[in-house]
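Come along and look things up with me.

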Amino acid sequence: HWVRRRFTRPGLAVLGGAIVAATLAVDPELTLAYQAFGLLSALLLVSMLASRFFRARFEVARVLPRFGTVGCPLPYRIVLKNLTALTQRGLVVMEDMSDQRPSLAEFVALQAAEERRLRSFKLTGRRAGGLFEIARIPEAHLPTILPRHEIEVPMELMPLRRGKLKIESVSVGRPDPLGLFKAVARFPAPQSVLILPKRYPLPQIALPGARKYQRGGVALASAIGESDEFVSTRDYRHGDPLRHIHWRSWAKAGRPIVKEFQDEFFVRHALILDTFTDHPRSEPFEEAVSVAASFACTVLTQESLLDLLFVGRAAYCFTAGRGVAHTEQMLEILASARPCTDMAFESLEALVLDHVSVVSGCVAVLIAWDDQRQRLVRRLRLLNVPVLVLVVTEMGHGAKLNPGPMEDEPHRFHALELGAIKEGLSRI
């Protein structure tokens, strides 16, 4: 990381040439490579010493949105003000993100999980360390900055993974006169952006289930309190709660008037997200989160409720729709979802079965199709709850999946293969 930030491309070429010359100059009596090594090393040394004389003072401000989306470039701006009496030329600006390297325990766990995924004949796999990189921000070249003047620099952030991205400071660099090594001045500018999951376009989907009686209405559904939908007013009757008295109508009519309510019937769906995997950076899990986010954005929740059910450090249920919460809030929750490695799948099954009495139907986004998942779907069907099952699987494994408890309704069972998630969702 330090080498990439401090050396220019010509500097990297010179550095590589010096390393090659050093390996060839073992015996100076048989080769003249030691002369090339001495020359290249001297150039690098002069460039690095020249960078010590770089002095710059800037006032830095960053105009950064609150949210980004995986795979979508996020443009933003940096405002730089030259606080010196010198004209600054040939500068570059770089962002200093928080350290994205994993701890030793995380790296070892991820490496072990990757090795378990490799086939016996496969010699190399994906670099585990690269799976922790959240985003990339390329450096930008600055125009000439006059003394006491400020400029706006367009920047672009490429989100690679969902989660919270912290940017600690802005670094301004200037190549030395030889153009090999950059002097860097760092200016603190802490800020963060939440990277939301990638979303896929969904076709018009008729989700299973119909309108259902909801005791207490939306307010009870959102765990705020018990209240029904206001319908009209009527005369007070013995035993009516005093909190239902309509004081303005009492003042006009001269007799006690109360508000009349009726229980609500509306559609309420459960979006079940499977988080149970032993891989700390599971690609099927990441795609399952993206599929869940796609449903959270596409399903019209203005006239219905959508409950997101998943298990992380604990069992969670988040509700959106009908003024309870907005889709953006559910996306923020999904951006922070993590695989569950210390709890059993039965905890998700218990959460769903405790909640199933109030829902009209379920959308289950699963990352496996084993006996435990099939048992959950089978129990939901025995309770007469319509279910749409989506299983995220490895490429080429979708056709091998047996619908199991969904055999009599194959149109509600879909296997989504990695690399073809978008195509799989278009066929729902």
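**Entry 1: a loop residue.** I began with N384, which lies in the loop between helix 10 and strand 17. Bear in mind that I am reading a predicted model. I looked up the backbone angle and found that phi of N384 is near 60 degrees, a positive value in a residue other than glycine. Most residues other than glycine have a negative phi. Is N384 buried or exposed? N384 has a relative accessible area of 70%, and because the cut-off for exposed is over 50%, N384 is exposed.

**Entry 2: another loop with a positive phi.** Next I went to R148, in the loop between strand 6 (140-141) and strand 7 (150-159). For R148, phi is near 65 degrees, again a positive value in a residue other than glycine. Its relative accessibility is 52%, so R148 counts as exposed.

Entry 3: How many residues of strand 17 (residues 387-393) are buried? I found seven of its seven residues buried. V387, V389, V391 and T393 point one way, while L388, L390 and V392 point the other way.

Then I checked the partners. Strand 16 (residues 361-366) pairs with strand 17 in the parallel sense, over five bridges, and A364 stands opposite V389 in strand 17. To get from strand 16 to strand 17, the chain passes through helix 10 (residues 371-382), and I noted this β-α-β crossover as right-handed. Strand 17 is also joined to strand 18 (residues 413-417) by five bridges, and these two run parallel. Here V389 turns up again, opposite F413 in strand 18.

Entry 4: I turned to helix 9 (residues 346-355), where seven of the 10 residues are buried, so the helix is largely enclosed by the rest of the structure. I wrote down the buried ones: S347, L348, E349, L351, V352, L353 and H355.

Entry 5: In what order do the four strands of the open sheet stand? I read it as 1-3-7-5, with antiparallel pairing. Strand 1 (58-63) and strand 5 stand at the edges with a single partner strand each, so one side of each has no neighbour in the sheet. Strand 1 pairs with strand 3 (residues 74-82) over six bridges in the antiparallel sense. For R62, I found the bridge partner I78 in strand 3.

**Entry 6: the largest pocket.** The largest pocket has a volume of about 1,400 Å³. Of the 36 residues that line it, H1, W2, R4, R5 and M97 are the closest to its centre. Elements that give two or more residues to the lining include helix 1 (2-6), helix 2 (9-24) and strand 8 (163-175). Which element gives the largest share of the lining? It is strand 4, with five residues. By class, I noted 13 nonpolar, eight polar and 15 charged residues in the lining.

Entry 7: I looked up R281, in the loop between strand 13 (264-273) and helix 7 (283-298). R281 counts as partly exposed, at 25% relative accessibility. R281 and L110 are 171 residues apart along the chain, yet their C-alpha atoms are separated by 7.0 Å.

Key
Residues numbered from 1 in each chain as written. Predicted model: local features only at pLDDT ≥ 70, side-chain atom pairs only at ≥ 80, totals over all residues. Heavy atoms only, no water. 1 Å grid on protein atoms, 1.4 Å probe; cavity = no way out; pocket = protein on both sides within 12 Å on 5 of 7 lines; lining within 4 Å. Points joined across faces, edges and corners; volume = space filled by probe spheres on them. Nonpolar A, V, L, I, M, F, W, Y, C, P; charged D, E, K, R; others polar. Buried < 20%, exposed > 50% of the residue type's maximum accessible area, 1.4 Å probe, protein only. Pairing = 2+ DSSP bridges. Right-handed = clockwise from strand over helix to strand, strands pointing away.
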